Amino acid sequence: MTATSWNTDRPWRGIMVATALPLREDLSVDYDAYADHVRWLLDSGCDGVVPNGSLGEYQTLTAEERARVVRTAVEAAGDGARVMPGVAAYGSAEARRWADQAAEAGCGSVLLLPPNAYRADEHAVRAHYAEVAAAGVPVVAYNNPIDTKTDLTPALLAGLHREGSIVAVKEFSGDVRRAYEISELAPELDLLIGADDVLHELATAGAVGWIAGYPNAFPTTCAELYHAAVAGDLETALPLYRSLHPLLRWDSKTEFVQSIKLSMDIVGRHGGPTRPPRFPLTGETEAQVHAATEKAVADGHR
């Protein structure tokens, strides 16, 4: 397996794909298909994988399934450093247990949302990240104030970094202006692109990685786009970005899991069904994803 930008010292850098999880028609996890998917992504130019994120439907998994998904990813990747499991949980103690499991599996980093059982204040957020960081695996913070209602502001992120609780942030707020404030307040904190549809804007603002959704369906083109964007190669990046943006924006919509899985099915990969409460796309939403995916295929993306 070859990756084009993998950083051995900071393995959370580069293209880390938030992996969709293949399910059988009976909604059981197809671990063999998942292992194949991980290998395919790395062979296609991505640098690592993020299992048990929202795209991986972690909220619907049993504890046994969730642990096995991580082990499967590590084995398929051939190097645990390329694996960044999501360790989000309602309680800090449970998140810490998942971080301990990731450490035992040899993972290079973990991805952690703030407390999401309620709108946590700064004290609770700092204690939450400190507890998980104590597992000894580098923690990437995930700022998603849309869903968690807790905003990891640039100032709060800088404080978490000073305290040694985080090494990077997956920035999903959609506010690209934050990139500059984060770099001013915490120059050593790695900024990772957290939403596919602001990839170019955050890449040109200094992001050093992308926790990505749509490479699940189009890894080769997405890798080309990412590398061109971070290199400042506008001649290559902008046409690709414009062409792919009708798809990339689905990563920020409520139906992102179904949309990416549908795109995977269309291009000949195994996306498959989703577990309730998510149900298949229908009507105009399904038609829009179909059209955007088929256009991407027609444009030669892969």
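In total, 15 salt bridges are present in the structure, which is a predicted model. One of these salt bridges pairs the side chains of Glu 188 and Arg 10, with an N to O distance of 4.0 Å. Glu 188 is located in the loop between α7 (178–185) and β6 (190–193), whereas Arg 10 belongs to the segment before β1 (14–18); the pair therefore ties together parts that are separated by 178 residues in sequence. The relative accessible area of Arg 10 is 25%, so this residue is classed as partly exposed.

A salt bridge is also formed between Arg 13 and Asp 190, whose closest N and O atoms lie 2.9 Å apart. Because Arg 13 is in the segment before β1 and Asp 190 is in strand β6, this pair ties together parts that are 177 residues apart in sequence. The two partners fall on either side of the 20% limit for burial. Arg 13, at 22% relative accessibility, is partly exposed, while Asp 190, at 4%, is buried.

Another salt bridge links Asp 299 with Lys 295, and here the closest N and O atoms are 2.8 Å apart. Both residues of this pair count as partly exposed, Asp 299 with a relative accessibility of 39% and Lys 295 with one of 46%. Through salt bridges with shared partners, Arg 10, Arg 13, Glu 188 and Asp 190 are joined into one network.

Pro 138 occurs in the loop that runs between α4 (122–133) and β4 (139–143). With a relative accessibility of 28%, Pro 138 is partly exposed. When neighbours within four places in sequence are set aside, the residues in contact with Pro 138 are Trp 12, Gly 108, Ser 109, Val 110 and Val 167. The C-alpha atoms of Pro 138 and Ala 20 are 23 Å apart in space, and these two residues are separated by 118 residues in sequence.

Technical notes
Residues numbered from 1 in each chain as written. Predicted model: local features only at pLDDT ≥ 70, side-chain atom pairs only at ≥ 80, totals over all residues. Heavy atoms only, no water. Helix = DSSP H or I, 4+ residues; strand = E, 2+ residues; numbered from the N terminus. Buried < 20%, exposed > 50% of the residue type's maximum accessible area, 1.4 Å probe, protein only. Contact = heavy atoms within 4.5 Å.
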